[in-house]
Amino acid sequence: MRVSILGGGLAGCEAAWRLAKEGLKVTLYEMRPFKMTPAHRTDKLGELVCSNTLGSTELTSGAGLLKAEMNLLGSLVMEAAKHAAVPAGSALGVDREIFADYITHALEQEPLIEIVRKEVDRIPEEGIVIVATGPLTSEKLAKHIRELVGYDLLYFYDAVSPIVEADSVDFSKGFWGSRYGKGGDDYFNCVLTEEDYKKFYEELLRGQKVELKDFEKEIYFEGCLPVEELARRGFRTLLFGPMKPVGLKDPKTGKQPFAVLQLRKENREGTLLSLVGFQTRLTYGEQKRIFRLIPCLKNATFVRLGSMHRNTFIQSNRVLTPFLNLRKKESVFFAGQIIGVEGYTASAATGILAGINASRFVKGKPLTVPPAETMLGALIHYVTSKEGELQPMNPVFGLLPPLEEKIKDKRKRKELMALRALDKMKEWIENVLNE
Ligand SMILES: Cc1cc2nc3c(=O)[nH]c(=O)nc-3n(C[C@H](O)[C@H](O)[C@H](O)COP(=O)(O)OP(=O)(O)OC[C@H]3O[C@@H](n4cnc5c(N)ncnc54)[C@H](O)[C@@H]3O)c2cc1C
């Protein structure tokens with residue numbers, strides 16, 4: 001049985017490599033060079049569209065831990081990155097030409113992989129398919145996927161609000177509670193006095209923004225505007241939007257605060273909190289500087305910063321199984337940024353898992369997912385099971401279950417979590433994959 005993979009980006013290439021290593025025949029469809037995305041520049045497989053770094057290699061960073069797990073899984077992208085490495089401090093910088101050439105060559109030389117250069121506009125009806133067409137999936141295919149998964153369940157833009165570590169929030173400067181007392185203690189309300197708000201508002205107006213790319217000009221739509229754009233519309237606009245205090249009473253004063261920012265739990269353990277309705281195009285540095293002016297967030301540790309991009313992705317939490325195939329059509333798998341993960345490393349890693357599971361599907365073996373203590377397992381768990389709306393997520397430590405023992409020192413805690421993750425990944429490889 002031949003597996004079809006749509007998209008020769010980071011995820012598609014990893015999936016193809018894995019399937020070939022499992023002895024399966026693969027057809028890898030890539031539309032470039034006949035049809036280019038607005039960001040790709042070459043016909044190479046595994047092209048990096050922007051920065052030439054794959055992020056940190058330190059085990060105490062989410063992306064670094066994920067890389068170590070990918071090495072254990074025999075990742076082609078990691079192999080190419082080592083081959084193409086350039087000095088970049090603790091980050092994994094690569095020469096992008098050498099990197100993509102290595103991947104292209106490896107796949108072209110692999111007898112079980114056939115590479116077909118054409119735009120695919122529908123998911124093939126028959127056979128096993130992995131869809132890995134990325135954030136810039138061509139229009140026709142995106143339309144077809146939307147019809148398949150449900151009109152509301154494929155997004156064309158992301159609108160990411162920042163996420164902070166709960167233990168870095170000053171809970172003495174706000175209170176738990178939902179608007180009009182509905183919904184229990186689902187939200188933490190960061191209180192701002194008029195003076196706090198004024199200072200915050202003025203800096204928001206001054207904040208430096210990331211420029212929109214030409215193909216992103218139509219990104220703004222009412223109901224999903226960046227906070228700085230709302231601020232630009234007037235001093236009080238935010239007070240009728242994401243910072244509205246109505247329906248909330250501060251138990252300390254018995255009064256409605258002047259303004260609030262609501263934080264909502266991002267995971268079941270409540271270790272991560274997102275800033276509700278705070279999608280933004282401020283630069284990362286400016287987000288940290290300006291959002292820390294909100295008293296509760298003075299010492300906040302941001303694990304994800306806000307962004308708004310052109311990004312095609314599905315609501316995996318509503319359409320995929322935990323094994324990355326469609327709930328309503330089990331022979332169709334998804335991988336890469338299109339499943340709601342963020343960045344080169346995470347996209348590639350999910351390609352490996354889709355390859356593993358597509359291969360198990362063909363061989364009639366039960367589908368599988370790495371343990372929740374691993375970064376890959378935790379990320380997949382997040383995107384396939386998040387409650388409510390899914391916005392793209394990157395690999396961060398806050399997704400991992402806490403250690404049984406409480407460790408105060410943050411670095412030590414992360415080191416132990418990383419060692420636990422690698423042990424669990426090795427066990428999974430030995431007991432499940434190599435069984
Ligand atoms: C402008 C921009 C800048 C970015 N900058 C960064 C960055 O600096 N760092 C970072 O970590 N991440 C960045 N990203 C995100 C990054 O692109 C992804 O994380 C990563 O490339 C996703 O891998 P993927 O395999 O899912 O998709 P891609 O790498 O995009 O691969 C998808 C492939 O599918 C092909 N394709 C699309 N539609 C079809 C079709 N219908 N038929 C056949 N082939 C098709 C495309 O040509 C492409 O080769 C950026 C994204 C964009 C859009």
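Let us begin with an open sheet of five strands, which pair in parallel in the order β6-β2-β1-β7-β16. Strands here are DSSP runs of E with at least two residues, helices are runs of H or I with at least four, and both are numbered from the N terminus; two strands pair if DSSP finds at least two bridges between them. The edges belong to β6 (113-117) and β16 (332-334), each of which has a single partner strand, so one side of each lacks a neighbour in the sheet. On average, neighbouring strands of this sheet are turned by 20 degrees against each other, direction ignored. Such angles run from 0 to 180 degrees between N-to-C directions, with axes fitted to C-alpha atoms, for helices over the stretch in contact.

This is a predicted model: local features need pLDDT of at least 70 and side-chain atom pairs count only at pLDDT 80 or more, while totals for chains, interfaces and linings use all residues. Residues are numbered from 1 along each chain as its sequence is written.

Inside this sheet, β1 (residues 2-6) and β2 (residues 25-30) run parallel and are joined by five bridges. Here valine 3 stands opposite valine 26 of β2.

Next comes helix α1 (residues 10-21), which lies across β1, β2, β6 and β7 (128-131) and runs at about 165 degrees to β2. Contact means that C-beta atoms, placed from the backbone, lie within 7 Å. Is α1 mostly covered or mostly open? Eleven of its twelve residues are buried, that is, 20 or more other C-beta atoms lie within 10 Å of their own, with C-beta atoms placed from the backbone. Among them are Cys13, Trp17 and Arg18. Just after α1, glycine 23 takes a positive phi of about 85 degrees.

The helix also leads us to the ligand: α1 gives the largest share of the shell around the ligand, three residues. Of the 33 residues around the ligand, Gly7, Gly9, Cys50, Gly134 and Gly336 come nearest; a residue is near if its C-beta atom, placed from the backbone, lies within 6 Å.

Finally, look for an open sheet of six strands, with antiparallel pairing and the order β10-β11-β12-β13-β9-β14. Its edge strands are β10 (174-176) and β14 (302-304), each with a single partner strand, so one side of each has no neighbour in the sheet. Neighbouring strands of this sheet are turned by 35 degrees on average, direction ignored. Within it, β9 (residues 163-165) pairs with β13 (residues 272-275) over three bridges in the antiparallel sense, and glutamate 165 stands opposite leucine 272 in β13.

Conventions:
Two residues are in contact if their C-beta atoms, placed from the backbone, lie within 7 Å.
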